[in-house]
Structure formats: C-alpha cells, structure tokens
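Trainee: I have a model open and would like to go through it with you, if you have a moment.
Mentor: Gladly, let us take it one piece at a time.
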Protein chains: 2
Amino acid sequence: MRIGIAGLGTVGAGVVQLLHANADLITARAGQPITVAAVSARDRKRDRFLPANPMEWVDDAVQLATMPGLDAVVELIGGSDGPALQLVRASLQNGRPVVTANKALLAVHGATLPRTAPLAFEAAVAGGIPVIKALREGLAANRITRVAGILNGTCNYILTAMREQKRDFADVLAEAQALGYAEADPATDIDGVDAAHKLAILAALAFGHPVRFDAVYVEGIRQISALDIAFAEELGYRIKLLGIARRTDAGVEARVHPCLVPQNAPIARVDGVFNAVVAEGDAVGRVMLEGRGAGAGPTASAVVADLIDLARGRLTPVWGQDTPADDAVVPIGQHLGAYYLRLMVIDKPGVIADVAAILRDHGVSLESLLQHGRSPGESVPVVLVTHEVREHAMRAAADAIAALPAVLEAPALIRIEPG
Amino acid sequence: MRIGIAGLGTVGAGVVQLLHANADLITARAGQPITVAAVSARDRKRDRFLPANPMEWVDDAVQLATMPGLDAVVELIGGSDGPALQLVRASLQNGRPVVTANKALLAVHGATLPRTAPLAFEAAVAGGIPVIKALREGLAANRITRVAGILNGTCNYILTAMREQKRDFADVLAEAQALGYAEADPATDIDGVDAAHKLAILAALAFGHPVRFDAVYVEGIRQISALDIAFAEELGYRIKLLGIARRTDAGVEARVHPCLVPQNAPIARVDGVFNAVVAEGDAVGRVMLEGRGAGAGPTASAVVADLIDLARGRLTPVWGQDTPADDAVVPIGQHLGAYYLRLMVIDKPGVIADVAAILRDHGVSLESLLQHGRSPGESVPVVLVTHEVREHAMRAAADAIAALPAVLEAPALIRIEPG
C-alpha cells in the first residue's frame, strides 16, 4: 500500500518513523508493506530525522488527492478548514481513502464530508487509545447510553497539579507553558474547545450521526480555583474536565465542562496528561479505556492502525452505521443533575437563611452545606451540594443568590457527574 | 446473515436476546440483519425466555458446521475438547466462520485449528471489554512488550473482599459460592487455570503466535492469606492475580500468579468482579482497558460484535498477522523480578541474622524488612522485600530459609510486578 502524508510535524514525522521502525510486523499485520510514497510539508528543508526513503515531495498538499499511484492519504495538517479540508474532500471525492488525526475538521465538517471513500480517524480522539475502534466496532452490539471522557491532557495536567500541589490555575498554567505541556496560546485547550471537538466525534459514534458542533455546550477550566478543588476533595470528589454525551428521554446531551466526580470512580484516578473514555452500553455495562492522549508515538500508533485496517480491507461506515439516526441535542438548561455551589459571603446572621430561601423558591433541594469556622463580619466560603435539579432552575437560583448584598463575588457553580 | 448457535446457557440465551433487543441498530451497524436460523442445546424444553423466532433446533451441535444456509456458527458449548472442538474444527474445515467464547479450546488447540475460515473470539477474554480487538487491530502498529491482566473475576472478587473485610480465603470463597460468584467446584478459577487460558490467548496476540499452553506457568490464590494482604497494604501494594505475557531478551514469559502491585498502579484499583488488561506497546506506551469480564450481557456484547465484524467483512488473521513469529517461552526459574517473602519465625536473637546470611549466600539483596513488635520465644511474622533477582536463586534461598529450625511454616513467596 502506497500512501501520501500531508503534514510532517511531530505526528507526521512520528508516523514515518513508526512505519520504518516496525516495518516487519506492520507488514505481517497489514498483509502487505505500507510505503510512504509522497509527502507534503511547509518546509521541506527542515531536518526531521526521517529514514532515507525515496519519497516524492509535493508542494501543494491537495495534489496528494489525485496524484497517481497512491492508495491512501494521511492528513496531518490540522485546522478545521483551509488545505486540510480541501485535501480531505478532494481525496474522498476521488475515491481515495483518508486517514486523519484532525478532530476540528471532523467535528465541524464531519456531517458533510463525501461518503465516497473510507475515512478513518482513530488518532483524532484520545491519541493512542483505540477508543474509536472500541465504540464503532467493539461495542457495536450496544445501545450506547453515555460516553464520558478526559479528552484534553493539558487540562487534566493542570487540574492534577493544582490538586496535588495546592496551587492556583494561573501559576500552574504558566509552568505548563514553560514545560511545553500547554501552548503559548492555550485557549483551545483550557477553554474546552479541543475537548469539545473530540466529544462531538464520540457523540456521533455513540448516537450514529454527527451532532451539530455549535450545539455542543462548552465550558473550560479558567474559573476553577484551588479553593474549589480543596472543597471537592473534602466532599469526596475530584474536579475533572469531562466531555459527556448522553442519551436522555428528551434527546441527547453533548457537553464539555468541569465536573465533580466521586473519588472512587475509575475516571477520577486518571491523572496528569493521561486521557480516558468511559462508555456505557446497554449490554456491556461500563467499559473504561485509559492511556496517553497525545504525543508522536501514541498518535502515530493510531494513524498506522488505521492504515493497517485499510490495508486489510476492514471498513466501517464513518459513524458506525448505514442509517443515521437523528436525535435533537438538548439545551444545557434542560440538564438534570446535582450541583456544587460555592459562595463567598460575609459571615453574619441570616445569610444562610436567605440563601436557603432562594434555593427553596427555585425548587432546589440541598444534600449538604459546608461552612468552616467563624469569622464574624469577614468573607468566608460556603459550599452547597444540591440534589438533582434542572439547570435553568439552578442557574436562576445562583443568579438570585449572587444578587444578595452579603454575597461578595460570582458564585462558583460546578456540575456533579457519576464519573 | 444467518447464524447457528451451539449452546444455550446463560451466554447463548444472552446472545439471542441481544440480537432481538437491539435488532435495529445491529442491522444498521452490520449492514444487514443477523438472524438466528438454528440452535443446538442439550435440553430443548427448558424455557429460556427466547424471542419467538422460527429457528431450527438441531440435536447434534456438530451438524451446524455443515447444515445448509448458515453463514456462521457461534460456539458456546465450552470445554477444550469434545463437541465444542468437533464443531469448531468441522465448521472451519467447511469454510464456515466461527465465533466462540471458548478460552480453553483456543488456549489448548489454538495453534492447530484449521485456517480455512475466519475465527473470532472477542468473548473469550475479559468478557465485554474489546481487548482482542484492541490488541489485534487497535495496537497493531506496536511491538507489544508486555500484557498484564486481571482476567478472572472470581479471584478478583475474593481478593478484594479479603482486603476490604480483612477476612480469610476459605471464608470469602464459601460466601462467593453461596452468592453464585464462584462455582461449586472452584478449582478452575482459584487455581488460575481460567486466567491461564485467557493469558495464553493474550500472549498469542501480543507475540503473533500461540504459546504452548503447558508452558504457561500457573499459580492460584489458595495460598494467599489475610496476613499477606495486610502486609502488602502496609508496604504500599495490593495483591492481584495477574496473567502476564512479557517479551524479554531470553524469550517470552507467560505466567499467571498472585502479584504485589503498587497501590497507585491503575490496575491495583480494579476491584471486585471487574477485569482489566494493560498493554504496553513501543509506540503507544501503556493502555488500560477495564470493564465487566463475565455475565450474559457483557459476553453477548462481545459475541455480537464479532458477528457484526463478520457481516461487514472485517477480517483479521487469527493471531493478528500472516507470518507467525516463534519465540521460546522462558521457564519461570529464569524470571527476573523483586519478591515479597513472609516468614513465621520464633522471635529470638540470631534468626534474622541467619535469614540474612542465606539471602546473601544466594545473591538476594534486600530492599526492606518488616517485623512488628516483640514476642520473645513466640511465633512472629517477618516480611522481606527483595531487589530484582532470578527466581531460581530466590526459590533456593526460600527453601534454605524454610529449613531453619526457627522458621515455623512454609514461607509465603509472592512476586512483585509494576502493575
């Protein structure tokens, strides 16, 4: 099988190196050699420590879609639009299979890509963890009721360091940037956009059709404080940024936001740069997959697995099934769940009574309330954990509470998830 | 696709029910309906709450191999030989694909089964967790250096209950039998045989060829005491029955035995009847999969996933590659690792010195030694943790120590694994 690779950054170079290093076993498992016949990269002079293969260099990546003699194209350019999208569309239209690691492209344009050739994207979600294959094939007999995942290693690294070292967000982010774990412009990661791209893909696999990316609810981790992490710990939880796709009676949920998850839930123990995905199926129950979600080796592992599938002729409809279902995405206001609400209040008689009255008036019932020590007249944190309630009621209550004179800053409102 | 099912116990009935319950999505994912056209079971009168399908009943399961009009056979009879083996051989020889959950058959006869038709066996290891697919396809680009798994839910349930409730083995086993978590004759589970069957399959996938089943080293959990579980906890470990396949310079290791694994290793947290498999690949690093390893639903989930693969024409060589490698299995005496050694000694001066001298003479170096309190003249436990040493040296030292007059019972020797 002769392939063309577009994009020779860390991942592209990793793919070339892996095909070279494990050529013997990849040939045995693919049933044929996989040869890099052509590559395209912005700067062909940069030394990438590539094996000295006689591959053709192409200036315009889109040429790989139609260049004679190629059996598949590997798109590792990145970005939801531009040359990546042009190449993927042109390849598929030309009947040429595509392997991509491009989550943004799949999340935004997945529903409208041509179905004229196989499209494989194991590397787009959770790096080397074979989660696409698990959902699309391994659990294919199940109605998937819920998928939840730690999908962004940068966020998980930051939240883990904040908890273990009792440090603040800004401080840990700066360190992560210095260490290369976070980008100079970290917004895509820490605002949850990258996780949302991946969640949109998982949701499409779970439900058999793409969800509209702009219908995915997204909230990042900038607002998470060391204080909330400490309170969560005291209450028996950890704070994780999760992407969650869930089937409910009203439709499907697709959301990315920080969550309190019980400390004894397996996903709560997944720390640092590791990723994990929990899938719940009606026959299989809960299955969790865990591993490295990024890096040259893990991502190349997933790309080459897709190439081996193509070489073996192991094909699957892009979202796992022939006849797409069509469920509406439920707005976040309809979400039914428990909440953690942390207030900073002036410690004086009557404040808790006012807060409790507002909660009662909005139909929010309390599971627990935590206030440590007394500092009359000063600012103290008060933490409330609710029973299940609709989000619009919870938010209305939080807004009314925020307007109380004794409440000093915007309340921290974090959803509680089973993990 | 028309299938014949041999064996209608819990799993067989579960497969029929799942095909019925999720017929719509299974059809969409398989690209065609999957119909149970024929079944064979010992007692056709037993009420199995099966959907009222017009399926043919066959008295001799082996008939399903050649009966006209079937596209695949599902073997759920069990047992490494007898009718299960006859049916599987006859089907494959007839060019008819086989799906089986039969780990014993695969472990013992996997190397000599005809290669004349596809053979799928996701349900044979770790129930509903798609670990066969992950190893054989998802991680196909990797040289697998090590696979380790909690492969027997009964043993994991017993070890978990012993730890959490500080109870003895016999006591917990009796309770597990009463609850139906352990068989009336529990030997296959608690002596490690079932885990060894599964490990042999994982080893074959990791190394690309079956290992001889009688070359797998097997040790069960009968000898594990509440005392050792408590000491392990104190030392920062948990005791798990693991199946381990590992590539070493001297050849491959394939072994099942209780291990001390560090408490912070993800596999140490997998409790109760859950199974988990950790795979280490040269590109992907460590990936862990976790879920329910048994039961009608999870096992049926795996069987039907295999049927969907067959319906889609997604085929894979039985051990993942065309050209089998051939590595020798290293005898357990050559194993290099650290050990936990627990002695019951008479508490008197000079005993520890004698023990230390024997260890020194056998080239065993100590990482730590634990002896709590003093009871002069009485029996007390002494726990030793060694650095890495060859097993034959460790065993010779343990034998010599056991022969000391002050050592009162056979020492407990448990291998330490990274998890």
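Trainee: Which residue in E2(B) does B:Ala6 stand opposite?
Mentor: In this model, which is predicted, B:Ala6 faces B:Ser40 in E2(B). The two strands concerned are E1 (residues 2–6) and E2 (residues 35–40) of chain B, which run parallel and are joined by 5 bridges.

Trainee: And what is the strand order in the sheet of chain B?
Mentor: The sheet is open and has 6 strands, which follow the order E3-E2-E1-E4-E5-E6 with parallel pairing. Strands E3 (56–57) and E6 (119–120) of chain B stand at the edges, and because each has a single partner strand, one side of each is left without a neighbour in the sheet.

Trainee: Which helix packs on that sheet?
Mentor: Helix H3 of chain B, residues 82–93, packs on the sheet and touches E1, E4 (72–75), E5 (98–100) and E6, while its direction makes about 165° with that of E4(B).

Trainee: Switching topic, at what angle do H6 and H7 of chain B pack?
Mentor: Helix H6 (residues 153–165) and helix H7 (residues 169–179) of chain B pack at about 125°, and their axes are 9 Å apart. That angle is the reason why H6(B) is described as oblique to H7(B), and the crossing of the two helices is right-handed.

Trainee: Which residues meet there, and of what class?
Mentor: From H6(B), the residues are B:Tyr157, B:Ile158, B:Ala161 and B:Met162, and they meet residues of H7(B) including B:Phe169, B:Val172 and B:Glu175. By class, the contact of H6(B) with H7(B) has 9 nonpolar residues, 1 charged residue and no polar ones.

Conventions: Residues numbered from 1 in each chain as written. Chains lettered and ligands numbered in written order. Predicted model: local features only at pLDDT ≥ 70, side-chain atom pairs only at ≥ 80, totals over all residues. Heavy atoms only, no water. Pairing = 2+ DSSP bridges. Helix = DSSP H or I, 4+ residues; strand = E, 2+ residues; numbered from the N terminus. Contact = heavy atoms within 4.5 Å. Axes fitted to C-alpha atoms, helices over the stretch in contact; angles between N-to-C directions. Parallel < 35°, antiparallel > 145°, perpendicular 65-115°, else oblique. Left-handed = near helix turned anticlockwise from the far one by under 90°. Nonpolar A, V, L, I, M, F, W, Y, C, P; charged D, E, K, R; others polar.
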